[in-house]
Amino acid sequence: GPLGKELNMPVIGATTTKVGGALEGRPWAFRMTITDDLSTDAGVGAFAKAYPNAKKIVIIGDVKEAVTEPVVKVNYPAAFKKYGLESLGLVEFTRGMTDFGAVVTKVKEMKPEGIAIAALPGEWALIAKELATQGVKVPVVSSPHPWPGNTVFQVKAEVLRKGGYFL
């Protein structure tokens, strides 16, 4: 970012997805990913195609985290509108939470046909496990933020074994 620009030192981000994130460090800052607006649109589009009967979606998201907040407030709503999905609402959480029982209980009460999650890896894994524990078996689309790390794949395998779905 800005420090790389000041020091004339290249900074390469392998997981920087926030729109505009690398711009202030140019010409020394580079990202090796696509931005959240593009990945969210593609993910929701693929979700809508794969699950055409899942029209009513609940968003589970961290609205205080700088990288997930725009996905929750801007990217998911825009993509839902584009692909004919309806948001039943947002169930918020904050980074550092470890017990997602109440979050998932609230989601279940909303009776979604699908779920959209915007979370960092640690919270994402706990949400996925709690969805499986409470027997939530609706398709899930996720922001790209949990992908760095093997934990996500281990949790997906565990959830899939219990009958859950992920895209």
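Before I start, residues are numbered from 1 along each chain as its sequence is written, and side-chain values use heavy atoms, with hydrogens and water left out. Since we are looking at a predicted model, local features need pLDDT of at least 70 and side-chain atom pairs count only at pLDDT 80 or more, while totals for chains, interfaces and linings use all residues.

Let me begin with strand 5, residues 114–118; helices (H or I, at least four residues) and strands (E, at least two) are DSSP runs, numbered from the N terminus. In strand 5, 5 of the 5 residues are buried, so the strand is largely enclosed by the rest of the structure; buried here means under 20% relative accessible area, exposed means over 50%, and partly exposed lies in between, with a 1.4 Å probe and protein chains only. Gly-114, Ala-116 and Ala-118 point one way from the strand, whereas Ile-115 and Ile-117 point the other way. Strand 5 pairs in the parallel sense with strand 3 over 5 bridges, and also in the parallel sense with strand 6, residues 140–142, over 3 bridges, where pairing requires that DSSP finds at least two bridges between two strands.

Next comes helix 4, residues 101–109, in which Gly-101, Val-103, Val-104 and Val-107 are buried. Seen down the helix axis, these buried residues fall within an arc of 165°, so they line one face of the helix; the arc is that of the directions from the helix axis to the C-beta atoms. The face turned away from the buried side carries the exposed residues Ala-102 and Glu-109. What covers the buried residues includes strand 3, strand 4, strand 5 and helix 5, by contacts, meaning heavy atoms within 4.5 Å.

That brings me to Asp-62, which belongs to strand 3, residues 56–62. What is the nearest side chain of opposite charge to this buried residue? It is Arg-95, at 6.2 Å, and Asp-62 has no salt bridge; for charge, Lys and Arg count as positive and Asp and Glu as negative, with His and the chain ends not counted, and a salt bridge needs a side-chain nitrogen of Lys or Arg within 4 Å of a carboxyl oxygen of Asp or Glu. The side chain of Asp-62 does, however, reach the backbone nitrogen of Lys-64 at 3.0 Å. Leaving aside neighbours within four places in sequence, Asp-62 is in contact with residues including Thr-68, Phe-93 and Ala-118.

Finally, the salt bridges, of which the count comes to 3. Arg-95 does take part in one, with Glu-65, at 3.0 Å from N to O. Glu-65 lies in the loop between strand 3 and helix 3 and Arg-95 in the loop between strand 4 and helix 4, so the pair ties together parts that are 30 residues apart in sequence. Glu-65 is buried, with a relative accessible area of 16%, whereas Arg-95 is exposed at 53%. Lys-82 forms another with Asp-41, the closest N and O atoms being 3.2 Å apart, and this pair links helix 3 to helix 2 across 41 residues. Lastly, Lys-73 and Glu-69 meet at 3.6 Å, N to O, and these residues, 4 apart in helix 3, are separated by about one helical turn.

Methods: A polar contact is a pair of N or O atoms within 3.5 Å; within protein, one must be able to donate a hydrogen and the other to accept it, and residues adjacent in sequence count only if both atoms are side-chain atoms.
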